[in-house]
Structures are given as structure tokens and as C-alpha cells.
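Please view the structure before reading on.

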Amino acid sequence: MRIRFLPVLIVLLTMLTLTNQPPYARAAGMDDYVAEAETVLQRLRGEMMQEMVNAQQKGPAAAIDVCRHLAPEINAKIEAETGWTLRRTGLRVRNPANAPIDDEESLMRSFELKAMAGQPLQLLRTARIIERDGKKVFHLIQAVPMFDTCLGCHGSNIDPVTLKRIKELYPDDNATGYKVGDIRGAFSLYKPLDAFADKPAPGRATLASLGYKPTRDPAAKGDATVGEGLYKRYCEKCHAPADLARHVFPEPEKKPDADVCRFLENHGMTKGQQDCDVTAYLKDVARFLKAHGQ
């Protein structure tokens, strides 16, 4: 009896230990590396997100071509401009080229355990320094949650036309059957330490350094002052507010709030009026940045 229940006990003890860990693993002295990786990751997410939104207007099958053709192009462009190696991987992959390498698999399995222990998916991240081909390399791996917009290609009830297209392109596909809230996979970023500058390149001014404070716009569908708190709670671990505001509202005076309220619903983190409060906050940030030449 003791032998039978020992594996279960080990898993439970592991889960309890994981719940007492910091929000995500980060070795000391790597803040500059992490900050640069986050900037690159936000850019990758933003460009892929925009392409997926555009493609889904034509139907789920069109989104497959984004992953097949545009995603590698976006990766290659960002890699050439930043010096980072960018990977999308998972425990169940559609494209065999995205299968885990090195110990990515063990890191993602640890994310699964942490998620089982109740840790929010947006906090599932590991930052570390490893050795590769005799060189020290910084590595950041970030879990990717499953959103409802992904169900059309990765869920359990896929349209037959889309499913047929998937099977034609990926006969060994193993990336279906997910539910909203599952871990879909991970972004995995690498950069040699000797490729980092001694000092981080100067970037755009931060909201704090510019003295930003949210303002209430009576004409908006939401309240930016409420949205700021919601954004910090649900969104900021994955998206820097200034970067997302610039991406969603490149011309804040022209884009209707309602479009973005609906867009944010797709993430499933907030709902109803909360979506519009976050939208109002992003639009307020975008206006503020534009007024300050950012």
C-alpha cells in the first residue's frame, strides 16, 4: 500500500513546494536580460496577434496560413533585428520543427505542475543562463495560455474544412483537444551573453518617467482609472501597457472603443464592462504617449 501511494505523495509534495516559489524563476543579476527579452516577446506577440486577428476575419482556416507562413517570417525579421533566437514550442506540437529542444520539455512539464497547484498561467516563466556550444546563453521561456480564439484550430470541435486543411499540411498534428485555460505551449527565447551590450540601449521613456496618470473621459465606454488597476492585475505580466497601447491604438482618435472591447473579450481574462475599462485605459495611454511624442 505504501508503495502504491508513494508516487501520488511525491507529486503532492512537489506541488506544495512549487506554490511557495517566487512568481517565476529568475536567477539573480539578470534584470537587464529579462527586460530586453520581455520587449522582444511583446513585439513578437503584438505582430502575431495582429496577423491572427486579420486572418480570423476570413475564417479559422486562414489562421493556419499565418502560423505556417507569416509566423516564421515575423520570427526571422525580429531575430535579424535583435540578435535573439525565437521559438514556439509545446508538449504537443503541430509542426515537428517546433518540438522541444534541450530541456524545454522538462521546463514545460514544471509549468504544468505549477498550473495544477493553482499558479496563474501568465506567471509561468523561467529565466536562466545556460551553456551552449561552449558559450554562455541567456534563456527565457514563457508559457502560452489557450484563449478561446485559438479553439477554431486547436480545440475539440474544429470545423471539418479547417480540420481537413490541418491534416493536409500537418499529417502528424498533435495540437488539438485543448480547452480555454490550458497551457498551449511556450515561447522560448535565447541570446548569447556576449551579444548583449555592456549597457542596455536607451529605449522609449516609461509611463512613470513621463508622469502619466489615467484620466476619465466621459465620452469613453469605460473608465481608464478603473482599467489601470485591471490591467495591472490581468495583463501587465505579459504586455507592457505602453507597447500594447501603441499597437492597439496607433491613431487613438480614429479607432472606435467598441472594436477593442470586443477584441479584449477574446482573451477571457476580463469581461463585460471590465473589457471596456481596460480599453479606455489603453486608449488613454495611447493619447498620452502621442501628446508626449512617444
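A residue is called buried when its relative accessible area is under 20%, exposed when it is over 50%, and partly exposed in between (1.4 Å probe, protein chains only). The model is predicted: local features need pLDDT of at least 70, side-chain atom pairs count only at pLDDT 80 or more, and totals for chains, interfaces and linings use all residues. Residues are numbered from 1 along each chain as its sequence is written, and side-chain values use heavy atoms, with hydrogens and water left out.

**Arg94**
- Arg94 is buried, with a relative accessible area of 11%.
- Arg94 is found in the loop between β2 (85–89) and α4 (104–116); helices (H or I, at least four residues) and strands (E, at least two) are DSSP runs, numbered from the N terminus.
- The side chains of Arg94 and Asp173 are joined by a polar contact of 2.9 Å. A polar contact is a pair of N or O atoms within 3.5 Å; within protein, one must be able to donate a hydrogen and the other to accept it, and residues adjacent in sequence count only if both atoms are side-chain atoms.
- At 2.7 Å, the side chain of Arg94 also reaches the backbone oxygen of Cys153.
- Beyond its neighbours within four places in sequence, Arg94 is in contact (heavy atoms within 4.5 Å) with residues including His154, Ile166 and Tyr170.
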